[in-house]
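Hi everyone, thanks for coming. I'd like to walk you through one structure today, so let me put it up on the screen.

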Amino acid sequence: MARDFYAALGVGRDADTGEIQRAYRKLARENHPDVNKDPQAEERFKEVSEAYQVLSDPEQRRKYDRFGEDFRQVPDDWEQRVGAGAGPRGGRVRYSTSGGGFEGFEGFEGVDIEDLLGGFFAGRGRGGPVPGADQEAELELTVEEAYRGGRRHLDIGGAREYDVTIPPGVLDGQRIRLAGQGGRGTGNAAPGDLYLVVRIRPDRRYRLEGRDLHVELPVTPSEAALGATVPITTPGGEVKARVVPGSSSGRRLRLRGEGMPNPKGKPGDLYAEVRIMVPKRPSKRERELFEELAAVSDFDPRRT
C-alpha cells in the first residue's frame with residue numbers, strides 16, 4: 001500500500017474535501033479491476049481506497065498529518081497526554097519507527113514526550129510496564145457481506161480465533177477494533193488492540209464509490225424506447241427502477257438511499273446504468289418484427 005496518501009490520490013496536502021473526493025472517484029474508476037485489466041490495477045485501486053478512507057475522515061487525516069504512516073500507533077488521547085505535561089503551548093510531534101523514536105517536536109521544549117505517551121511506541125518505556133502493541137489483520141468481505149454485516153468467525157494465522165460483529169455498510173479500508181486482542185503488554189500492562197482492516201473483494205456486478213453503489217441495468221429495446229418498470233438485484237435484495245421512455249445506453253438512474261447502509265448517517269445511493277440488449281439469436285417472429293420496424297422507422301442514431 002502507498003504510504004503517502006496524498007501522493008496516492010495525486011493531491012496536495014492542503015487539498016479540501018471536494019478535491020480529495022473528486023481525485024478518488026476518478027482514480028477508482030480508472031483502476032477498478034472490472035474495468036482496468038492491468039495486473040497492477042487492483043493494487044492501485046486498494047491504494048487509493050485506503051488513502052481516501054483516511055483523508056476523508058477529519059480525525060484520521062489530522063493524526064496522519066502529524067505522525068505520517070505511523071499514525072495508527074498513536075493513542076486517541078495523545079493530545080491530552082502531551083497537554084498534561086506541556087501546558088497550554090501546544091505543538092506538533094513526529095514519530096519515526098525507522099529511527100527508533102521521535103524525529104522532532106515543536107512547542108514542547110523541556111518536555112519528555114516518551115514519558116507523556118507512556119511507552120506506546122516500539123516498547124520504549126523506561127523500565128516500567130509497557131502496554132502491548134496494536135496489531136492489524138485484513139478482513140476480506142464480499143460486497144453482500146459488507147452490505148449486510150453480521151457475525152463472522154475468523155481464524156487468524158491458525159493461532160487465534162474470534163467471533164466478530166461486522167456492522168452493516170462497512171467500506172473498503174475501514175477498521176474494526178477488537179479491544180485488548182493485540183500484542184501482550186509487559187509487567188501486567190494492558191494488551192494492545194487488534195484492528196481488522198476491511199478489504200472488499202472486487203465484484204463484476206457491483207462497483208462502489210464511497211457508499212454509492214453502481215450497477216449495470218440490462219433492458220430490451222422496447223423497454224428503452226417505451227419505458228418500463230424493471231427489477232434490479234442489489235446486495236440488499238430486489239428493487240424496482242423506472243426506465244423513462246426514450247432511454248439510451250449509458251443513461252443513469254438514481255435510486256436514493258439504496259446504496260450501502262450507514263449506521264451513523266445517510267446511506268449511499270444506487271446508480272443503475274442502462275444497457276440496451278438485443279437477442280443473440282432472434283426467433284423468426286422477432287426477426288420479422290425487427291425488419292418491419294427497420295422498414296418503417298426513420299430514426300438514425302448517427303444523425304443527431
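Let's start with a pocket. Helix H9 gives the most to the lining of the second largest pocket, with 5 residues. Please keep in mind that this is a predicted model. The volume of that second largest pocket comes to about 610 Å³. There are 18 lining residues, and the ones closest to the pocket's centre are Pro-221, Ala-225, Phe-290, Leu-293 and Phe-299. Two elements give two or more residues to this lining: helix H8, residues 221-226, and helix H9, residues 284-296.

Now let me step back to the chain as a whole. It has 9 helices and 13 strands. Of its 304 residues, 39% count as buried. If you take contacts between residues at least 6 apart in sequence, 51% of them join residues at least 24 apart.

On to the cores. In soluble globular proteins, nonpolar side chains tend to be buried together. Here, the largest nonpolar core holds 37 residues, and the members that touch the most others are Val-164, Leu-196, Leu-217, Ile-232 and Leu-253. Take Leu-217: setting aside neighbours within four places in sequence, this leucine is in contact with Val-230, Pro-231, Ile-232, Val-243, Leu-253, Ala-272, Glu-273, Val-274 and Arg-275. There is also a second, separate core of 20 residues, and Leu-27, Ala-28, Tyr-52 and Tyr-64 are among them.

Leaving out neighbours within four places in sequence, Phe-45 contacts Ala-28, Asn-31, His-32 and Pro-33. Phe-45 and Pro-33 are 12 residues apart along the chain, with 7.7 Å between their C-alpha atoms. Why does Phe-45 count as buried? Because its relative accessibility is 11%, and the cut-off for buried is under 20%.

Ala-15 is in the loop between helix H1 (5-9) and helix H2 (17-31). With a relative accessibility of 4%, Ala-15 counts as buried. Beyond residues up to four places away in sequence, Ala-15 touches Ile-20 and Arg-61. The C-alpha atom of Ala-15 is 9.6 Å from that of Leu-55, 40 residues apart along the chain.

The second one is Ser-247, in the loop between strand S11 (237-243) and strand S12. Is Ser-247 buried or exposed? It counts as buried, at 4% relative accessibility. A polar atom of the Ser-247 side chain lies 2.7 Å from the backbone oxygen of Val-244. Not counting residues up to four places away in sequence, Ser-247 touches Ala-224 and Ile-276.

The last one is Asp-269, in the loop between strand S12 (252-255) and strand S13 (270-276). This aspartate counts as buried because its relative accessibility is 5%. Which backbone nitrogen lies 2.8 Å from a polar atom of the Asp-269 side chain? That of Gly-257. Residues up to four places away in sequence aside, Asp-269 touches Arg-211, Asp-212, Leu-213, Arg-254, Leu-255, Arg-256, Gly-257, Glu-258 and Gly-259.

Note on methods
Residues are numbered from 1 along each chain as its sequence is written. This is a predicted model: local features need pLDDT of at least 70, side-chain atom pairs count only at pLDDT 80 or more; totals for chains, interfaces and linings use all residues. Side-chain values use heavy atoms; hydrogens and water are left out. On a 1 Å grid over the protein atoms alone, a cavity is a set of points where a 1.4 Å probe fits but cannot get out, and a pocket is an open set with protein on both sides within 12 Å along at least five of seven lines; lining residues have an atom within 4 Å of a point. Grid points are joined across faces, edges and corners, and a volume is the space filled by probe spheres set on the points. Helices (H or I, at least four residues) and strands (E, at least two) are DSSP runs, numbered from the N terminus. A nonpolar core is a set of buried Ala, Val, Leu, Ile, Met, Phe, Trp, Tyr and Cys residues joined through side-chain atoms within 4.5 Å. Buried means under 20% relative accessible area, exposed over 50%, partly exposed in between (1.4 Å probe, protein chains only). Contact means heavy atoms within 4.5 Å. A polar contact is a pair of N or O atoms within 3.5 Å; within protein, one must be able to donate a hydrogen and the other to accept it, and residues adjacent in sequence count only if both atoms are side-chain atoms.
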